[in-house]
Amino acid sequence: MKNRIFGIVTFLLMVLVIGSFLIFSGDTSELVFRSYTEQPLEVTKIRNLVSSIYLDFRLFDTIFEALLLLVSIGAIFLFTTLTDHEKRVEIHTFEFEEPNTYNLPRIMMSVVYPLLFIFGIYMIINGADSPGGGFQGGAILASILMSRYIVEDNYEYSYQKPYNYEKAIYIFVILTSALYLAGVIPSEYLRLYILMMNILIALKVASGFSAIFIKFINGNKNE
Amino acid sequence: MNDFLMISSFVLFFIGLLGTITQDNIIKTIISLTILELGIILFFLSSNFEIGQRLPIIGEGLSNPADPLPQAMMITTIIIGVSVTTIDIALLIIVNRKYNTYSWKELKELRKED
């Protein structure tokens, strides 16, 4: 009964919002759109407008977003470690004793994951001129570790290592962007700066996602 | 087309909202939160979008490009969404270790007993 009332209220709210959107929505301002599409080639010397926005015009967005990822991973480690002593329930551990049942995905992934690596590198290096960039390449690189886990799940992974890498790389991200914001980098090296930032962000995202993944698959094995 | 995408984004958002309010299973609540976030992402991507727009990459004669600003902002939103979902799951793991339940109702009662 309660759920039905919630459902009706949400539906009415949705109708209200969509109706007001259809009645009041006007044309969006062309000024911002034009400033972002016409300036980049002169300012940043790269062709990908999206990359030029998140590595130049809105650089602070990227810096704080990267910080948020770092903080959230720290929070996950803290949460899952702090409550270790107050657990009441036995943690279930699963033993996979039949490796043969996983042969098909294992063989498939062993074929695919070198290709993923090449694809990720390509996306990062060409992020300036074609679709791609640091975040996307980093997510693909992170999937390498996940596919490697499917291929070889006996391997011992440590979640602390990628977390430490991520912290170190974040310092480099801040240093590089600070150099750019201070105006130290001359305009002929701007492409190098974009490439550098793309690589650093990709490594950061990849190591962050890997740390989360290893923490979740390992549970408390490493503690 | 633009209006259709916008309305779909609102529908997605409210489906997610309804799920977060009504679902008893905590995992379903987290999934609903993700759906809600997808609605927001679709809303931003479809703002200032028209059919026939091309990739926002300067090539030979960039005519009628898509708006790059929402795309750049949504990249960061997707990464932040992943962090939010993982923190939710970490909290769920803690709750499940302590109370051995996935249900909001049971959790409420168990917390009253403490």
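I take contact to mean heavy atoms within 4.5 Å. The model I am reading is predicted.

**Entry 1: the two chains together**

I began with the pairing of chain B and chain A. By this contact rule, 42 residues of chain B touch 49 residues of chain A. I then looked up the area, since the size of an interface is often given as the accessible area lost when the parts come together. Chain B and chain A bury about 4,200 Å² between them, and carbon and sulfur atoms hold 79% of that area. Which residues of chain B lose the most area to chain A? I found B:Phe14, B:Ile58 and B:Arg97, which together make up 18% of what the chain B side buries. I also searched for salt bridges across the interface of chain B and chain A, and the rule finds 0.

**Entry 2: chain A as a whole**

I next recorded the secondary structure of chain A, which comes to 9 helices and 0 strands. Chain A has 223 residues, and 39% of them count as buried. I noted its accessible surface as about 13,200 Å², with 67% belonging to carbon and sulfur atoms. For contacts in chain A with a separation of 6 or more, I found that 76% join residues 24 or more positions apart.

**Entry 3: the largest nonpolar core**

I turned to the interior, given that in soluble globular proteins nonpolar side chains tend to be buried together. The largest nonpolar core has 40 residues. Those that touch the most other members are A:Tyr54, A:Ile73, A:Phe77, A:Phe135, A:Tyr193, A:Met197 and A:Phe209. I traced the core to its helices: H4 (49-57), H5 (59-82), H7 (134-151), H8 (160-181) and H9 (190-218) of chain A, together with H3 (68-99) of chain B, each supply at least two residues. Which helix gives the largest share of this core? I noted H9(A), with 11 residues. Apart from this core lies another, of 8 residues, and I list A:Met123, A:Ile140, A:Leu141 and A:Ala206 among them.

I followed A:Phe77 beyond its neighbours within four places in sequence and found contacts with A:Tyr159, A:Tyr163, A:Ala211 and A:Lys215.

I then looked up A:Thr62, which lies in helix H5 of chain A. Is A:Thr62 buried or exposed? Its relative accessible area is 2%, and the limit for a buried residue is under 20%, so A:Thr62 is buried. With neighbours within four places left aside, A:Thr62 is in contact with A:Tyr54, A:Phe135 and A:Ile201. I had already listed A:Tyr54 and A:Phe135 among the core residues that touch the most other members.

**Entry 4: a nonpolar patch on the surface**

I moved to the surface and found a nonpolar patch formed by A:Leu115, A:Phe117, A:Ile118, A:Ile121, A:Ile125, A:Ile199 and A:Leu203. Together these residues have about 620 Å² of accessible area. Helix H6 (103-125) and H9 of chain A each supply at least two residues of the patch, and H6(A) gives the most, with 5 residues. I checked A:Leu115, which lies in helix H6 of chain A. A:Leu115 counts as exposed because its relative accessibility is 53%, and the limit is over 50%.

**Entry 5: a backbone angle in chain B**

B:Asn100 has a positive phi of about 55 degrees, although it is not a glycine. I noted its relative accessibility as 49%, and B:Asn100 therefore counts as partly exposed.

Technical notes: Residues are numbered from 1 along each chain as its sequence is written. Chains are lettered from A and ligands numbered from 1 in the order in which they are written. This is a predicted model: local features need pLDDT of at least 70, side-chain atom pairs count only at pLDDT 80 or more; totals for chains, interfaces and linings use all residues. Side-chain values use heavy atoms; hydrogens and water are left out. A nonpolar core is a set of buried Ala, Val, Leu, Ile, Met, Phe, Trp, Tyr and Cys residues joined through side-chain atoms within 4.5 Å. Buried means under 20% relative accessible area, exposed over 50%, partly exposed in between (1.4 Å probe, protein chains only). Helices (H or I, at least four residues) and strands (E, at least two) are DSSP runs, numbered from the N terminus. Patches are made of residues with over 30% relative accessible area and no salt bridge: like charges are joined within 9 Å, nonpolar side chains (Val, Leu, Ile, Met, Phe, Trp, Tyr) within 5 Å. Accessible areas come from the Shrake-Rupley method with a 1.4 Å probe; for residues, only the protein chains shown count as cover. A salt bridge is a side-chain nitrogen of Lys or Arg within 4 Å of a carboxyl oxygen of Asp or Glu. Buried area is the accessible area (1.4 Å probe) that two parts lose on being put together, summed over both.
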